Amino acid sequence: MIQYQNLILNNNQFINICNQTLNCNSFLFESEDNLFLENFSYCFAKYLFCVNNKKPCNNCLYCQKVERLVLADLIVYPKTNKNILVEDVKDFIDNANLMPIESDKKVFIFNNFSTASIQVQNKLLKILEEPPKNTYIILNVNNINKVLPTILSRCKRLRLNKLNNKELISNLEWKSLDENSKSIILNIADGNLEKAENYSSNPDFLQISKEVVDTLSNLKDSKQLLKYSTKFNKSKKSFEYALEIFECIFRDVLLVRVGKESLLKNSFLLPQIKLYANALTADASYKLIKKINEIKKQLEFNCNYVLLVDNFLLYYLEVKFLCNKK
Ligand SMILES: [Zn+2]
């Protein structure tokens, strides 16, 4: 099923790219937001197959079949794995040379294309150079650095813009979230639909965001450490959420400290951010952001997250203490 269609069909970039399908068959869409990226390309496929004047009409047989991803002439990779494998590309090459079955064209979508190895990418070059008639190829990429320049030069490239808060607010289900939680989510998601959906539907995330605010307001010395560390060390995931939220707030503190508060994405949180800014200098917030990024790396290497929680909170106290001494 295609999600967030209204959002995509009204998107200027979507309308623009649809107008460029006459002279181009190979497309590369780029974004860190996988959810938006995939649904964007499914809507694009719908546009390509639709037989009515106002495309996509959402009514014709083709629109309906694309909607359910059951049209035989729309083939989505990877088929079995999360990554694009050599089997996928072999299947694609075999398939691309066959006639369409249900319509007059074929559309191939490669999700997660950045996971394809260099050998696998090389196998695609020839067919991207001269795609068979009425064949469209769409590569979805979340890390452009992993794609060969020779692939890039053969495709019409489109870097999807981040969504704005207005778009996220009107398209997500927010359940009964208060404005404060919404603000934190929008701030951290930073225009990323996948993140915003993930956070807004996750009760743990919302709880953690309250704990972070509580910690910044009330953690004063190392005797309280145990009380606060238990809030974040329930699971690795909850600590990861906490780090995202801490980082987001320290970035805002930094902006306030260097007199750039007009750049704050969430003016709603300003009074709170100003309070934290009183306790932390610009240099301190910078150090804390750096520390958070170090810890994120350590988490990737599976370091003991319970120890890292203590380590982070102690560092925070130390940095804050040094600010107060000055
Ligand atoms: Zn249609």
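Which residues of β3 are buried on one side, and which on the other? The legends below take up this question first, using a predicted model.

**View 1. Strand β3 is covered on both faces.** Lys 106, Phe 108 and Phe 110 are buried on one side. Val 107 and Ile 109 are buried on the other. In a regular strand, side chains alternate between the two faces of the sheet. Five of the five residues in β3 (residues 106-110) are buried, so the rest of the structure largely encloses this strand.

**View 2. Strand β3 pairs with β2 and with β4.** β2 (residues 74-77) runs parallel to β3, and four bridges join them. Here Val 76 stands opposite Ile 109. β4 (residues 135-141) also pairs with β3 in the parallel sense, over five bridges. In this pairing Phe 108 faces Ile 137 of β4 as its opposite residue.

**View 3. Four cysteines hold the zinc ion.** The protein donors are the SG atoms of Cys 50, Cys 57, Cys 60 and Cys 63, lying 2.3 Å from the ion. Along the chain they follow the spacing C-x6-C-x2-C-x2-C. The four donor atoms subtend angles of 104 to 119 degrees, so the arrangement is tetrahedral. The ideal angle for four tetrahedral donors is 109.5 degrees. Cys 60 and Cys 63 are both buried.

View 4. Glu 30, Glu 32, Arg 157 and Arg 159 belong to a network of salt bridges. Arg 157 meets Glu 30 at 3.6 Å, N to O. Glu 30 is buried, at 9% relative accessible area. Arg 157 is partly exposed at 42%, and Arg 159 is partly exposed at 39%.

**View 5. Glu 129 and Arg 154 form a salt bridge.** Their closest N and O atoms are 2.9 Å apart. The pair links distant parts of the chain, 25 residues apart: Glu 129 is in helix α6, and Arg 154 is in the loop between α7 (149-152) and β5. Glu 129 is partly exposed, at 47% relative accessibility. Arg 154 is partly exposed, at 26%. A search of the whole structure finds 16 salt bridges.

Definitions and conventions: Residues numbered from 1 in each chain as written. Predicted model: local features only at pLDDT ≥ 70, side-chain atom pairs only at ≥ 80, totals over all residues. Heavy atoms only, no water. Buried < 20%, exposed > 50% of the residue type's maximum accessible area, 1.4 Å probe, protein only. Helix = DSSP H or I, 4+ residues; strand = E, 2+ residues; numbered from the N terminus. Pairing = 2+ DSSP bridges. Donors = N, O, S within 2.8 Å, 3.2 Å for Na, K, Ca; no water. Tetrahedral: all angles 85-135°; square planar, octahedral: opposite > 155°, others 65-115°. Salt bridge = Lys/Arg side-chain N within 4 Å of Asp/Glu carboxyl O.
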